[in-house]
Amino acid sequence: MSAVASGAVDAPRLRFIDRVNPVTKLAAAMLLTAPLLLTVDWVSAATALVIELVLFMAAGVRPRMLVRRAWPILIAAPIAGISMLLYGRPSGEEYWSFWLARITDGSIELAIAVTVRVLAVGLPAVLLFMRVDPTELADGLAQVWRLPSRFVLGALAGARLVGLFIEDWHAMALSRRARGIGDTGVVRRFATMAFALLVLAIRRGSKLATAMEARGFGSDRPRTWARASTIGWSDWVLIAIAFAIAVAAIGAAIAAGTFHPVWS
Amino acid sequence: MHASAPTPTASTTGAAPARNLRWRVVDIVVASVVAVATGLLFLFWNNIGYAWFVAADAVTPGLGGIAVGIWLIGGVLGGLIIRKPGAALFVELVAAMVSAIVGNQWGVETIWSGLAQGIGAELVFAIFLYRRFGLLQAILAGAAAGAGAWTLELFTSGNLQKSAEFLTLYFCTVVVSGAVLAGVLGWLLVRALAATGALSRFAAGQEATRRV
Amino acid sequence: MANTASSPTPAAVDVRGWGWRHASRLRPALEGIDLRIEPGERVLLLGPSGAGKSTLLHAMAGVHGGDDEGEAVGELLVDGAEPARVRGRSGLVLQDPDSQVILARVGDDVAFGCENLGVPRDEIWRRVRESLDEVGLDVAIDHPSSALSGGQKQRLALAGALAMRPGLLLLDEPTANLDPDGVREVRAAVERVLDRHGSTLVVVEHRVEVWADLVDRVVVLGLDGRLMADGPPDVVLSRQRAALLAAGVWVPGGLGPTAPRRRVAVDEPTEPLLTANGLAVGRRPRDIVQRGLDVELPRGTSTVLTGPNGAGKSTLALTLGGLLRPLDGRVEASASLSAGLRGDPIGWRSRDLLTRIGTVFQEPEHQFVTSSVRAELEVAPRALRLGDRETAARVEDLLARLRLDRIALANPFTLSGGEKRRLSVAAVLAARPSVLVLDEPTFGQDRITWLELTALLRELVDEGLTLLSVTHDAAYIAALGDRGIRLEPTNTRAFA
């Protein structure tokens with residue numbers, strides 16, 4: 001649970017990236033990854049992955065930090081690959097088959113492409129969001145992207161309760177042992193804790209809503225912002241970089257003749 | 001901006017009386033809190049059940065979909081508790097953002113899937129004009145959220161490149177799992193939550209306790 | 001220094017024939033309330049739980065919910081206007097410190113109300129600094145609000161209300177969840193604010209002594225949802241004394257001869273059931289809050305564990321209870337306690353722990369696992385595989401003894417605060433543990449629950465139960481502090 005407890009606080013500082021508005025990071029991650037999601041070929045994915053790694057290293061990401069932060073993706077990538085290896089659309093020579101599973105030239109190629117793609121799509125998001133502060137993200141969503149402030153701030157205030165919920169969870173886990181039901185029945189125990197967590201969460205949310213309304217939240221009056229959320233040249237640079245990587249990746253695939261839209 | 005809801009129909013199970021469709025502050029905050037809690041439960045659950053799901057997903061032809069339903073429960077809970085347009089989508093999306101930021105696991109892909117699953121569930125509640133929130137709607141919303149997830153993965157996981165047999169099997173398991181683990185379970189959960197009095201500020205809770 | 005330039009004008013409250021019915025209820029919570037509160041008046045609102053005090057206060061703040069949640073009759077006006085239309089004229093502080101911190105940083109949290117009222121940015125930050133100063137919260141603007149103590153969080157909420165420049169201050173049991181230091185901090189901050197601005201005050205509280213000298217009027221609501229009494233504090237408190245005591249209100253000096261007394265001297269030292277030597281405790285392996293502790297819990301005595309917030313009292317209690325792993329040293333059970341089991345309590349199975357050491361958590365809802373009071377009491381006997389007859393016997397006994405029989409079928413989460421506390425204790429007693437560990441058992445409890453609980457515990461200890469209680473409550477210590485352990489942030493010493 002260390003990932004949950006630590007959050008963004010102990011994340012290392014990065015050059016350049018830390019100066020960018022969180023919403024720009026979100027936009028950049030989407031801009032960069034959306035084209036990659038439309039093609040399954042190893043050239044575009046590998047091109048993007050290599051450029052990303054070089055740029056993140058330049059920004060100050062160290063290999064150990066990368067493994068510590070991105071391990072779920074490092075595990076997910078080969079798993080996606082195995083699934084594709086067994087069930088990818090068969091073509092070319094067949095090496096092995098069992099019921100619906102068939103390993104062929106085509107599925108091997110697809111498996112490699114998907115494995116690299118999961119990394120190329122997943123890593124930038126994880127590394128870009130490493131230090132995102134929810135308050136700043138919300139400021140950006142409401143002030144830069146002009147999303148409705150009632151919803152953005154309501155979500156932000158609700159999300160802040162996450163620390164309390166984690167404490168609730170630990171206390172409930174101890175109490176299950178104290179009540180004599182800590183030895184067996186993991187799933188049942190999880191269910192009682194999950195239910196109690198929801199009850200406590202909704203109660204807290206209702207009280208929080210009252211506290212927010214009492215401070216004038218939710219009225220039709222136009223609101224001001226104590227802190228301005230702005231974008232500057234560094235934000236545009238990041239967008240340009242994301243766009244350039246996407247173009248380079250797709251361009252490389254087309255040049256190499258491996259471009260392979262998912263729908264074909 | 002008070003949208004006027006149509007006159008109430010005879011009180012059949014799950015039929016809501018005429019209500020204000022504008023979101024109150026408590027709707028927004030509780031929707032967020034439910035999203036945060038479900039997002040967190042996924043992370044806790046991952047410690048217990050995720051390895052199995054991952055293994056099943058990797059080596060079986062689409063059977064990994066059986067466990068997917070649990071991840072779709074946010075939209076069903078949001079729709080059933082809040083009963084406002086956009087609630088299913090909002091809860092599923094915020095839950096996805098929370099696990100993207102708090103769990104720091106899948107990043108942007110999580111947000112895409114939150115969107116796709118949320119839209120699936122939301123469509124069902126919209127088809128019923130946000131007037132019916134019974135077991136049937138819950139099951140359909142869960143199944144539709146599964147269909148949304150399946151559709152998105154055609155692209156994000158490159159599943160369009162998988163065999164037709166795999167895709168059919170995966171579709172069936174995801175939709176059935178969504179109907180049962182998100183739909184039926186979500187409906188039971190909301191009923192149990194209403195019985196605790198936690199939903200007293202919501203129509204879902206007031207119906208359950210309307211006796212005293 | 002009075003800052004008259006920025007002092008808002010005190011607000012008046014007019015309530016005429018006002019009532020409120022919650023959407024899920026047939027009977028109104030409040031009915032026919034008539035009340036005029038003059039600008040600058042300081043009112044203490046009292047009444048039994050369920051009398052609708054909070055409902056009335058929330059209505060004055062304009063946050064009792066719209067048509068979706070219930071229906072109002074009559075008129076309730078703040079300065080002649082509907083409260084929801086004049087947000088910011090009133091500032092509301094609620095009971096639970098954790099549920100009213102809105103944003104992650106102290107400065108942002110105070111600024112939140114101003115932002116919603118459309119106050120210009122420069123003015124917002126001026127007000128933020130001024131309000132933090134007024135409540136005596138001396139932390140950086142970007143200090144994480146989650147790192148504040150309970151008393152600090154309540155003062156933060158007060159600062160957030162003050163930044164809106166309200167003429168009416170509404171406090172809903174603002175000190176009920178605080179330790180004595182927190183109560184003093186909050187009460188001092190409120191007093192300072194009132195002296196400076198002369199704002200109108202309405203405070204709901206069941207511990208009268210906290211506010212008695214500060215208010216100039218006491219209003220009592222009855223269980224029937226109507227006004228029961230209204231007048232100067234000394235008059236109302238003396239005339240209504242019996243009714244208030246019966247309603248569970250903590251009237252000064254109201255503990256009376258019914259409160260149990262601590263045992264003056266233990267005749268001879270008894271064998272310790274639990275012994276810890278060189279103990280280091282903490283919730284996480286690298287996060288040691290106390291080290292080098294030597295603790296004994298002698299059989300048949302009641303030990304109270306006291307000390308300031310953050311000293312690690314709960315952590316020590318849970319470690320002694322066999323729930324948290326000692327980070328250093330050992331918690332050892334005597335031969336009579338372990339009764340054949342090998343190893344230390346932390347290594348015992350959950351089921352074996354049940355009959356030996358029972359733990360009641362500070363938040364009762366953390367330990368509820370079923371959907372009815374009766375089922376909750378059956379959990380321990382079933383885990384012990386006692387059989388239907390023995391289970392039923394124990395459950396019936398506890399239902400009657402802790403006055404839970406009338407609510408035996410109710411869902412535990414729907415109970416009142418006092419009922420939840422009684423149930424959480426009863427559920428642990430159902431296993432008949434030799435040692436009982438209680439974390440803040442009287443926190444936020446009304447007078448009646450307090451008396452019942454202390455009487456029961458005193459009786460059980462006198463019958464041979466070994467008790468350890470984490471507490472801040474001076475009256476509880478007087479009743480059950482046979483022995484005391486006081487934790488300071490660094491070391492431990494006994495005081496009795």
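In this predicted model, 36 residue pairs, both members at pLDDT 80 or more, are in polar contact between chain C and chain A. Seven elements of chain C each supply at least two residues of the side that touches chain A, namely β5 (90-93), α2 (106-116), α3 (121-134), α4 (150-162), α11 (350-356), α12 (373-383) and α14 (417-429). The largest share, nine residues, comes from α2(C). By type, this side of chain C divides into 33 nonpolar, 13 polar and 13 charged residues.

The contact as a whole involves 59 residues of chain C and 48 residues of chain A. The two chains bury about 4800 Å² between them, 53% of it on carbon and sulfur atoms. Nine salt bridges are counted between chain C and chain A; in the one formed by D96(C) with K207(A), the closest N and O atoms are 3.3 Å apart.

Of the 13 residues that line the largest cavity, D139(A), R227(A), L103(C), D108(C) and E115(C) are the closest to its centre. Two or more lining residues come from each of α6 (134-143) and α7 (149-160) of chain A and α2 of chain C, with α2(C) giving the largest share, four residues. Seven residues of this lining are nonpolar, one is polar and five are charged.

The second largest cavity has a volume of about 70 Å³. Its lining includes P8(C), E130(C), H197(C) and S199(C), and α3(C) gives the most to that lining, with three residues. The lining residues of the second largest cavity divide into four nonpolar, three polar and three charged.

Key
Residues numbered from 1 in each chain as written. Chains lettered and ligands numbered in written order. Predicted model: local features only at pLDDT ≥ 70, side-chain atom pairs only at ≥ 80, totals over all residues. Heavy atoms only, no water. Contact = heavy atoms within 4.5 Å. Buried area = accessible area lost by both parts, 1.4 Å probe. Salt bridge = Lys/Arg side-chain N within 4 Å of Asp/Glu carboxyl O. Polar contact = N/O pair within 3.5 Å; in protein donor to acceptor, adjacent residues only side chain to side chain. Nonpolar A, V, L, I, M, F, W, Y, C, P; charged D, E, K, R; others polar. 1 Å grid on protein atoms, 1.4 Å probe; cavity = no way out; pocket = protein on both sides within 12 Å on 5 of 7 lines; lining within 4 Å. Points joined across faces, edges and corners; volume = space filled by probe spheres on them.
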